[in-house]
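Let's take a look at how this chain holds itself together. The sequence and model come up next.

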Amino acid sequence: MPGITINRLGEDPHETVHGIRDDTSSRGVDLEGAKVTLIYADGTSETLTWHATDPYTNGAAVGDDTQMSFGYDWHQLETTKPLASMEIDLQPASSVFDTTRTSDDDPNGGSTPSSLEGFPFRLGEESQDLAGDLEVTYSGIVNLAGSPPAGDLFTTMTVDFSGLPEGGLLGSLRWNSDIDTMREKGDLVSASVACFTRGTLITTALGDLPVETLGPGARVLTQGSGYQELVTALRRSIEASELAKNPKLFPIRITAGSLGAGLPKRDLMVSRQHRMLARSGIVKRMCGAMAVLVAAIRLTELPGVYVEDKVARVEYFHLIFKKHEVIYAEGAPTESFLLNAETVQTIGHAQREEFAALFPAAVGNDGFGTPAYQVPSGGLQRRLIEKHKRNGRMLLSV
């Protein structure tokens, strides 16, 4: 039987208001919309969307080289070429992985109310003769609104098969990991903020200006679309007391020149989930695209990028355009605030009302919520950064 290492990460926080439904036994139909990202040993990848295959019980995700199915008991996985890793993101299906056996009434805590008992990834009996080791990582930690996360619920599970003899899984695998579904559809949103800190210089038609001076109508330089008018700029102040309660609100410092090509020109501070543009030969080979967007927290594996936890307070700014844009902060290409049905929930009530007034028909419009560049899955972002670090390559290189 292979060794299975289980990792639980406190990154990419998500929040639910109403919690898990009373019937915590999720079936294949409950996972409709979940995203499955597959990376093969030869470097190719597939992204699949889970769909229901009957009205009551079963569901599946089918690709060119891999297919998965699940009803109410064990998951079945079949692959025709070595599969190096599999990432399953349940957030679009309003579901979560419940990874601990701790019960709700355990006096030591550790279980989110209504989640009952769960368990992490395990193999079916007929799959326990695999040679090699597996590493299973849970991320997208989930908390009930008003309470800190208990550490049992996660939106995303990544299984690393690269420790198997052929560099990946080939053939069949029967596995399970406890899954719960939320009481209300759509009630599982990112609790992260994606924005710039006060003092960041943004390239505009009037030169490089501090982000806090920009308002509606400011003409900001974008990559590929010339100068675009800013629709609105929202701000949020994080005081010392809030930083102490939630260290994930500390910014990421990207030191001058650490991305490559002399960028950023000065130290740049952004929130953890703010994404920077990565363009390199490694990006092209691993993602099949010339450039992608990578969360700042992923970059902390690289020299010169770290969590800036010495600030007493921080003020964050969202720059919102008619569509998602790549703009320039301290000269480095980075994203504007990506507005979609999920991220609009991360801003305050008054800001949400402002958003509704500015974009009354946004959800129904083409392009709403579409990233300016590809955003790889969390697992692929980690691998991408590891590859750059191992090869000594900068994120902005040819």
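Among contacts between residues at least 6 apart in sequence, what percentage join residues at least 24 apart? It's 68% of them, a contact being heavy atoms within 4.5 Å.

A quick note on the source: this is a predicted model, where local features need pLDDT of at least 70, side-chain atom pairs count only at pLDDT 80 or more, and totals for chains, interfaces and linings use all residues. Residues are numbered from 1 along each chain as its sequence is written, and side-chain values use heavy atoms, with hydrogens and water left out.

Of the 398 residues, 51% are buried (under 20% relative accessible area; exposed is over 50%, partly exposed in between; 1.4 Å probe, protein chains only). The largest nonpolar core has 40 residues (buried Ala, Val, Leu, Ile, Met, Phe, Trp, Tyr and Cys joined through side-chain atoms within 4.5 Å). Ile-202, Ile-254, Leu-299 and Leu-319 touch the most other members. Beyond its neighbours within four places in sequence, Leu-299 contacts residues including Ile-254, Met-276 and Ile-385.

On to charges: the whole structure has 16 salt bridges (a side-chain nitrogen of Lys or Arg within 4 Å of a carboxyl oxygen of Asp or Glu). Here are some of them.

| Pair | N to O distance |
|---|---|
| Arg-198 and Glu-212 | 3.7 Å |
| Arg-198 and Glu-315 | 2.7 Å |
| Lys-323 and Glu-325 | 3.5 Å |

Arg-198 is partly exposed at 44% relative accessible area, while Glu-315 is buried at 11%. Lys-323 is partly exposed at 45%, but Glu-325 is buried at 3%. Through shared partners, salt bridges put Arg-198, Glu-212, Arg-235 and Glu-315 in one network.
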